[in-house]
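Have the sequence and the 3D view open side by side as you read.

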Amino acid sequence: MVRNLKLLESRLSIILPLLVNTWWLIVMRTSFSGVPDSLIESAKMDGASEFRIVWQIVIPVCRATVAVIALFYAVRFWNEWFNPSIFLTDRRKWPIQLVLRDILIKNDTRSMTQVGVIGQTSQEAYRLLVKYCTIVVATVPVLVAYPFVQKCFVSGMMVGSIKG
């Protein structure tokens, strides 16, 4: 399908096939159906459009679920290496996870560590250093993003536990 849409060697070939996850869509639908009908009816009586109802009433009420699903999508796309390995042959377009996979599986860091003045034992040390640094660089964005979304996880758990 990607080939028929002429998306090979394009970043859209990575994004479009994974854009909708059925399970996450069901979770979002279930969360949206949990919004009280009285909120939606009162907004309609006040003259709110469907778009305004979704953005100003439904999304804020389901904020925890939306944040969790957004984090799931972000982590999924960040960790994606399989589709890029199929659809992208140009190494300049590879995402960092595919570069990391190439380094770890093939043990190939020659393009990053050139043998020159340094000896062979120093060369091996630099290769290990490049591997470990690449792993850290690939992990840091998720570690940085999680604390900002964590409050939504906590509030989402508390909403279901408080009766009243």
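Which side chain meets that of Asp-102 in a salt bridge? The partner is Arg-91, with an N to O distance of 3.1 Å. Here a salt bridge is a side-chain nitrogen of Lys or Arg within 4 Å of a carboxyl oxygen of Asp or Glu. The pair links distant parts of the chain, 11 residues apart: Asp-102 sits in helix α7 (residues 96–106), and Arg-91 in the loop between α6 and α7. Helices (H or I, at least four residues) and strands (E, at least two) are DSSP runs, numbered from the N terminus.

Before going further, a word on what you are looking at. This is a predicted model, in which local features need pLDDT of at least 70 and side-chain atom pairs count only at pLDDT 80 or more, while totals for chains, interfaces and linings use all residues. Residues are numbered from 1 along each chain as its sequence is written, and side-chain values use heavy atoms, with hydrogens and water left out.

How do the two partners sit relative to the surface? Asp-102 counts as buried because its relative accessibility is 4%, whereas Arg-91, at 48%, counts as partly exposed. The cut-offs are under 20% relative accessible area for buried, over 50% for exposed, and partly exposed in between (1.4 Å probe, protein chains only). Ser-85 belongs to helix α6 (residues 82–87) and is partly exposed, at 33% relative accessibility.

Side chains of opposite charge can pair when their charged atoms come close. A search of the whole structure finds 3 salt bridges. Besides the pair we began with, Asp-90 and Arg-92 meet at 3.3 Å, N to O. Asp-90 is partly exposed at 22%, and Arg-92 is exposed at 73%. Glu-50 forms a salt bridge with Lys-44, their closest N and O atoms being 3.8 Å apart. In that pair, Glu-50 is exposed, with a relative accessible area of 53%, and Lys-44 is partly exposed, with 46%.

Now turn to the helices. Two packed helices are described by the angle between their axes and the distance between the axes. For helix α2 (residues 22–33) and helix α5 (residues 63–78), the angle is about 170° and the axes are 10 Å apart. That angle makes α2 roughly antiparallel to α5, a label given to angles over 145 degrees. Axes are lines fitted to C-alpha atoms, for helices over the stretch in contact, and angles run from 0 to 180 degrees between N-to-C directions. Across this pairing, Trp-24, Val-27, Met-28, Ser-31 and Phe-32 in α2 meet residues of α5 including Ile-69, Phe-72 and Tyr-73.

Stepping back, the protein comes to 8 helices and 0 strands. Of its 164 residues, 26% count as buried. Contact means heavy atoms within 4.5 Å, and residues 24 or more positions apart account for 60% of the contacts with a separation of 6 or more.

Finally, how confident is the predictor? The mean pLDDT (confidence in each residue, from 0 to 100) is 81, and 84% of the residues reach 70 or more.

Notes:
pLDDT is the predictor's confidence in each residue, from 0 to 100. Angles under 35 degrees count as roughly parallel, over 145 as roughly antiparallel, 65 to 115 as roughly perpendicular and the rest as oblique.
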